[in-house]
Amino acid sequence: MAERLGVRSALRKFLNSEAAGGIVLMAAAVLAMIVANSALYDSYHHLLNADMGPILSPELTSKLGPMTLHLWINDGLMAIFFFLVGLEIKREFVDGRLSSWDKRRLPIIAAVAGMAVPAAIFLFVTWDYGELVNGWAIPAATDIAFAIGVLALLGKRAPTSLKLFLVTVAIVDDMGAVAIIALVYTPSLSTIWLFASVLVLAVMYYLNATGVRRLLPYVLLSGLLWYCVLLSGVHATIAGVLAAMMIPITKTPGAPDAVDSPLHRMEHAVAPWSAFFIVPVFGFANAGVNLDGMGLDQILAPLPLGIALGLFVGKQIGIFGSVWLAVKFGIAGKLRGATWLQIYGTAMLCGIGFTMSLFIGGLAFPGNALLIEEAKIGVLLGSAVSGLVGFLLLRFAPLHQSHDEIEAEEAGEIARDGDVESVCEDMPAKPGAAG
């Protein structure tokens, strides 16, 4: 039998690293706000907009402008973050909590509703303001690291089922965000470079299909794919997701991860860099908003108001409402060991958009610094209120009457095979069902 990765190196390590990374991200965001509102603002602004690194091609410079530090962070480093997102998506759908329709049902319903309702609220607020409508996807995203970081502050008061539900909803949410970036925020395409990207992907697929499991060829081809996608006109971060789909995975249903699984080895190698370097650097580079002279009129302008309401109001209505309806109509079971108030608090935490929302905000209004700054205000406001209210709800919500027993049961499941069977209770048998 193949040697397996240690139990805590899989699920528990993932949750712990996401939690710690979320706390580091919070610190980076606070630091960015402090710097942006201090005497260091000019230095902060000039550093981010300084030309840095090689000029990859004249064609690229004409499309994107100078290769500034900010561009390298958003188009370069964030491609690695999206690569990790792609690895997580593939792992969950092939060998995780989204590997069957029974397991996918509730997270997919919640994620879709949790994207649609915020977008609808944003459009309701901004419909009469022309170009603002392009930002409809900004409040649709959930920041998994930030939200898990808030849950980590609650310690044992946060049931395991809520953490796993939040992770799976956020992963489905990320899939939607990736699709939106690829389909909506791609202004023009270069056929030649798009064809080159397809060729690189075909080579990676061939290596996977023929059993090549060494990671070096995939890493080199991933870098080449990033360059081709960057020049194609599709946002370069999409290359990260596409490359991740080509990484081989060893399936181990009902057992801990195989130690020789290329995807799991890659995920464990990339995750710490993403959590503790890439995402905090992105947060520091994008969360700094100068509030000098800003009044209530600017904060309640249509764009920031639409984003903030979408995140705070839209997420809780979409996610909690869809979960409640799914349970009421027997589509899915209620989350194990969680009360309805705790589920509502978790839905509130999903209103923390931050990383992905800031990222989409930059894509929605290219070249318009004023609207990008307004979008940042809306993201920060909506995320902060969602995080604070969600934390307070979960901190003071009474625990489920069987909290300790269910937590012990789920800990035992994780100790056996590295995951839990299901985050939901068994649904009651329908009247007249056999057995």
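# Salt bridges, a surface patch and helix contacts

Me: Let's start with Ser-274. Which helix is Ser-274 found in?
Reply: Ser-274 sits in helix H11, residues 262-286. Keep in mind that this is a predicted model.

Me: Is Ser-274 buried or exposed?
Reply: Ser-274 counts as buried, at 2% relative accessibility. The cut-off for buried is under 20%.

Me: How far apart are the C-alpha atoms of Ser-274 and Leu-84?
Reply: The C-alpha atoms of Ser-274 and Leu-84 are separated by 7.7 Å. Along the chain, the two residues are 190 residues apart.

Me: On to charges. How many salt bridges are found in the whole structure?
Reply: The search finds 6. One of them joins the side chains of Lys-315 and Asp-173, at 2.9 Å from N to O.

Me: What does the Lys-315 and Asp-173 pair tie together?
Reply: Lys-315 lies in helix H13, residues 302-328, and Asp-173 in helix H7, residues 160-183. The pair therefore ties together parts that are 142 residues apart in sequence.

Me: And are Lys-315 and Asp-173 buried or exposed?
Reply: Lys-315 is buried, with a relative accessible area of 0%. Asp-173 is buried too, at 1%.

Me: Why can such side chains pair at all?
Reply: Side chains of opposite charge can pair when their charged atoms come close.

Me: What about Arg-91 and Glu-92? What do their side chains form?
Reply: The side chains of Arg-91 and Glu-92 meet in a salt bridge, 2.8 Å from N to O. Both Arg-91 and Glu-92 are buried.

Me: Which residues are linked with Arg-91 in a network?
Reply: Glu-92 and Glu-267. Salt bridges link Arg-91, Glu-92 and Glu-267 in that network.

Me: Now Glu-373 and Lys-376. Where do they lie?
Reply: Both lie in helix H16, residues 369-396. They are 3 residues apart, about one turn of the helix.

Me: What separates the C-alpha atoms of Gln-316 and Gly-390?
Reply: A distance of 9.7 Å separates those C-alpha atoms. Gln-316 and Gly-390 are 74 residues apart along the chain.

Me: Switching to the surface. Which residues make the nonpolar patch?
Reply: Trp-324, Leu-325, Phe-329 and Ile-331 make the nonpolar surface patch. The patch is about 400 Å².

Me: Where is Ile-331 found?
Reply: Ile-331 is in the loop between H13 and helix H14 (340-349). Ile-331 counts as partly exposed, at 36% relative accessibility.

Me: Last topic, helix packing. How do the axes of H5 and H7 cross?
Reply: The axes of helix H5 (residues 101-126) and H7 come within 8 Å and cross at roughly 55°. H5 and H7 are therefore oblique to each other.

Me: Is the crossing left-handed or right-handed?
Reply: H5 passes H7 in a right-handed crossing.

Key: Residues are numbered from 1 along each chain as its sequence is written. This is a predicted model: local features need pLDDT of at least 70, side-chain atom pairs count only at pLDDT 80 or more; totals for chains, interfaces and linings use all residues. Side-chain values use heavy atoms; hydrogens and water are left out. A salt bridge is a side-chain nitrogen of Lys or Arg within 4 Å of a carboxyl oxygen of Asp or Glu. Buried means under 20% relative accessible area, exposed over 50%, partly exposed in between (1.4 Å probe, protein chains only). Helices (H or I, at least four residues) and strands (E, at least two) are DSSP runs, numbered from the N terminus. Patches are made of residues with over 30% relative accessible area and no salt bridge: like charges are joined within 9 Å, nonpolar side chains (Val, Leu, Ile, Met, Phe, Trp, Tyr) within 5 Å. Accessible areas come from the Shrake-Rupley method with a 1.4 Å probe; for residues, only the protein chains shown count as cover. Axes are lines fitted to C-alpha atoms, for helices over the stretch in contact, and angles run from 0 to 180 degrees between N-to-C directions. Angles under 35 degrees count as roughly parallel, over 145 as roughly antiparallel, 65 to 115 as roughly perpendicular and the rest as oblique. A crossing is left-handed if the near helix is turned anticlockwise from the far one by less than a right angle, and right-handed if clockwise.
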